[in-house]
Amino acid sequence: GSEMCIRDRMNDQRRNAIIMAAGTSSRFIPLSSEIPKGLLEVKGEILIERQIRQLREVGINEITIVVGYKADKFSYLSKKYGVELVMNEDYYRYNNTSSVIRVLDRLGNTYICSSDNYFPDNVFSGDPGQSYYSALYANGATGEYCIKADSENIITEVSVGGHDSWYMIGHVYFTREFSDAFKEILSVEYEKDEVKQGYWEDVYIRHINHLPPMAVRKYGEHEIEEFDSLDELRMFDPSYISDTRSSVLKGIARNMDCSEEFLHGFKKIPHEGDYLLFSFRKDDDSYLYNEQDNSITRL
């Protein structure tokens, strides 16, 4: 009996990780139309592979990747790293709650990560001891999810937008106790359409008083890197300035008889249909690229 007890206790303490990689990252136009953001190479390493490596370095080998958009491009990872892929067929119409709902059975002592974060140093080392949400500090105004915490660093409230505030970004850690409580709430809440359209964080915020405490874990500037656009990535990895790795942008550069470094400020234009439509800048002029007829129009 005692052997089983020890095994159960070890299972109870064992940590695992879920990496969310289902989304389309439409702000990362036009690269995201060619490759999922988590598969971008940054400073010589594929983003998601770097994260898998960092998790494995601290002994976390049970890693699940939730895929959706261009899912087949991730399939090599299961052979290469022994990770498990779970498909989210709703990736194109629902938000990240639709990814979490598919891995409810895997929530225990669990890191929940975004495939597109870059951690210069390994953030997963050491025993977290309690649930936490990572945070960076915003000087001035921000549209991010801003955190209020008590003197023990426990999150008491989260609001969308604020200023001079710690805000949610990066990885999250659930203890088993938190996971068990959150699973119960989400499985009921997920029946509602607005929950499917929203983030799991919204569910957490609404039920914050009925869930075990979650701390805020504060990181210094540049300890968690996230790139929302090609321009931001270029600042971090200058190799993208002259080589965007994008066949679309290489085509535009050829067409406009310039090098890729002169193209910047890419913005997706909402439209019906399955083709690429975005604006960009060259020098001080704005242009529209329309994939349907492969046209470039000056705005």
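This is a predicted model: local features need pLDDT of at least 70, side-chain atom pairs count only at pLDDT 80 or more; totals for chains, interfaces and linings use all residues.
Me: What makes β8 and β9 a pair of strands?
Reply: Two strands pair if there are at least two bridges between them. Strand β8 (residues 132–149) and β9 are joined by 15 bridges. They therefore count as paired. The two run antiparallel.

Me: How do you know that β6 pairs with β9?
Reply: The cut-off is at least two bridges. Strand β6 (residues 109–114) and strand β9 (residues 155–174) have three. These strands also run antiparallel. For a place to look, take T110, whose bridge partner in β9 is F174.

Me: Why is R245 called partly exposed?
Reply: Buried means under 20% relative accessible area, and exposed means over 50%. R245 has 33%, so R245 falls in between. The residue sits in the loop between α9 (239–242) and α10 (247–255).

Me: Why does D283 get the label partly exposed?
Reply: The relative accessible area of D283 is 44%. D283 is in the loop between β13 (277–282) and β14 (285–290). Here too phi is positive, near 55 degrees.

Me: How do you know that the bond between I29 and P30 is cis?
Reply: Omega is about -5 degrees for the peptide bond joining I29 and P30. Most peptide bonds are trans. P30 belongs to the loop between β1 and β2 (41–42).

Me: Why is helix α2 called mostly covered?
Reply: Buried means under 20% relative accessible area. Eight of the 11 residues in α2 (residues 47–57) are buried. Among them are L47, I48, E49 and R50. Q51, I52, Q54 and L55 are buried as well. After α2 comes G59, with a positive phi near 85 degrees.

Me: What makes a set of residues such as V100, I155 and F174 part of a nonpolar core?
Reply: Members of such a core are buried nonpolar residues joined through side-chain atoms within 4.5 Å. The largest core has 32 residues. V100, I155, F174, F182, W200, Y204 and M214 touch the most other members. Elements giving two or more residues are β1 (15–21), β8, β9, α5 (176–189) and α7 (200–206). β9 gives the most, with five residues. A second, separate core has 31 residues, including I48, I52, I60 and Y132.

Me: Which residues does W200 touch?
Reply: Leaving out residues up to four places away in sequence, W200 touches M20, N96, T97, V100, I112, Y133, V172, F174 and F182.

Me: Which residues lie nearest the centre of the second largest pocket?
Reply: L136, Y167, H222, I224 and E225 do. The lining has 19 residues. The volume is about 510 Å³. β8, β9, β11 (225–226) and α8 (230–236) each supply at least two lining residues. The largest share, four residues, comes from β8.

Definitions and conventions: Residues are numbered from 1 along each chain as its sequence is written. Side-chain values use heavy atoms; hydrogens and water are left out. On a 1 Å grid over the protein atoms alone, a cavity is a set of points where a 1.4 Å probe fits but cannot get out, and a pocket is an open set with protein on both sides within 12 Å along at least five of seven lines; lining residues have an atom within 4 Å of a point. Grid points are joined across faces, edges and corners, and a volume is the space filled by probe spheres set on the points. Buried means under 20% relative accessible area, exposed over 50%, partly exposed in between (1.4 Å probe, protein chains only). Contact means heavy atoms within 4.5 Å.
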